[in-house]
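Open the structure in your viewer and get ready to click along. We will go stop by stop, and at each one you will hear what to select.

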Protein chains: 2
Amino acid sequence: MEIKVLKKVLEANDTIAQETRTLLETNNVRMFNMIGAPGCGKTTLIEKIITAIPEPRRLAVIEGDIETTLDAERLAALSIPVVQINTSHFGGDCHLEAAPVKQALADLDFSGLDTIIVENVGNLVCPVEFDIGEKAKVAVLSVTEGEDKPLKYPLLFLKAQILLLNKVDLVEHLDFSEDLLRKNLKQVNPHLRVLKVSGKTGEGIREFVEWLHTG
Amino acid sequence: MEIKVLKKVLEANDTIAQETRTLLETNNVRMFNMIGAPGCGKTTLIEKIITAIPEPRRLAVIEGDIETTLDAERLAALSIPVVQINTSHFGGDCHLEAAPVKQALADLDFSGLDTIIVENVGNLVCPVEFDIGEKAKVAVLSVTEGEDKPLKYPLLFLKAQILLLNKVDLVEHLDFSEDLLRKNLKQVNPHLRVLKVSGKTGEGIREFVEWLHTG
């Protein structure tokens, strides 16, 4: 019974996501769904990405949070269009679904955009299960989270087109083995591209901006 | 319609959780529900907690993961009873529910126990919504995750009886303000006890073990 209901929810979600995908393709806008754990550094990375794009920036951000507009305020300070979705209005959802994202897109003027980054709710599990109409999922994992995460939360690493391995500036202070992480990733998804980045030093951000426009 | 179904699921869950709570109280066993983001250091903390308890250890651990028995293997090496729950058997749930925890408890001999630690699935959101019959929820937040988490994920910090602020050994390498974190925590739950710990250096572990037995 529960499973049937969940299936219906997912089917309804997929229909809306497909409408969004068609809408974005028609308008030549590429939307990316950024997914990672709470505190893995998504917002700081997006700040660095924004400033790495030369003006006029044809970029907008959709911010997903359960509560608060803290992240949206940080990004709006950088003079790009930001739309906040607070899932507390939908019962405190731990992920974004296609319907509120489609509604958020109605607030954006596509004529001034070529790229939209959606910062999903901080969570390695549920956001992966809901298509929002994105071109690609971008996984973010911070080196402080450990090498075992691809094995323990495989779906994200299986479905993402790129992994941003964040906070690499902290590696020297951690017992972190990049080799072990890559070995674990290979078990889950041998084709996943890994890009080492730092929201602090800016390492890898330029390469990621290139990927956003061509990847 | 969906909300009705969710309500029914939560009601059924609460009934089982209450049965578990009665069972544990009858057997003088205290069960703690440890909740934190992926990579916040829960398993390493539990390793340190185990070794800080003098033998004979009257402690068992229930490990919640979507996939793998990696964490259970790490802990079983320390010669305590460990039961693994893999939620991939229940559709990849991002949290533990009361029913599988009750089932896991059937594998434990209460006569040799006074404490059970349940390591929930790494997630700041959904685990908080499901009572599993615990005496108290233990929140874990690593300093690498940032000061804004209590505002963005308030429910955990509202419902937990104690917050383990983990990885404090890394503070000197981060732009982290403990004052700001405490200010944010005060907005959500002014009564929450905060204990600074390190899974690396062992800082605060002895105090937490005391709390487990008296708190």
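Predicted model: local features only at pLDDT ≥ 70, side-chain atom pairs only at ≥ 80, totals over all residues.

**Stop 1: the interface**

Colour chain A and chain B separately. Where they meet, 35 residues of chain A are in contact with 35 residues of chain B. Together the two chains bury about 2,800 Å², and 62% of that is on carbon and sulfur atoms. Now select A:Pro38, A:Lys152 and A:His173: in chain A, these lose the most area to chain B, together 21% of what that side buries.

Which kinds of residues make up the side of chain A that touches chain B? By class, there are 16 nonpolar, seven polar and twelve charged residues.

**Stop 2: a salt bridge between chains**

The rule finds four salt bridges across this interface. To see one of them, show the side chains of A:Asp65 and B:Lys152, which meet at 3.5 Å, N to O. A:Asp65 sits in strand 2 (residues 59–65) of chain A and B:Lys152 in helix 6 (residues 149–152) of chain B, so this pair joins two chains. Are these two residues buried or exposed? A:Asp65 is buried at 3% relative accessibility, and B:Lys152 is buried too, with a relative accessible area of 5%.

**Stop 3: a lysine in helix 6**

Next, select A:Lys149, which lies in helix 6 of chain A. With a relative accessible area of 5%, A:Lys149 is buried. Its side chain is joined to that of A:Asp148 by a polar contact of 2.6 Å. Leaving aside residues up to four places away in sequence, A:Lys149 touches A:Leu141 and A:Phe157, as well as B:Pro38 and B:Gly39 from the other chain.

**Stop 4: salt bridges within a chain**

Over all chains, the structure holds 21 salt bridges. Select A:Glu47 and A:Arg74, whose side chains meet in one of them (3.1 Å, N to O). A:Glu47 lies in helix 2 and A:Arg74 in helix 3 of chain A, so the pair ties together parts that are 27 residues apart in sequence. Both are partly exposed: A:Glu47 has a relative accessible area of 22%, and A:Arg74 has 31%.

How values were computed
Residues numbered from 1 in each chain as written. Chains lettered and ligands numbered in written order. Heavy atoms only, no water. Contact = heavy atoms within 4.5 Å. Buried area = accessible area lost by both parts, 1.4 Å probe. Nonpolar A, V, L, I, M, F, W, Y, C, P; charged D, E, K, R; others polar. Helix = DSSP H or I, 4+ residues; strand = E, 2+ residues; numbered from the N terminus. Buried < 20%, exposed > 50% of the residue type's maximum accessible area, 1.4 Å probe, protein only. Polar contact = N/O pair within 3.5 Å; in protein donor to acceptor, adjacent residues only side chain to side chain.
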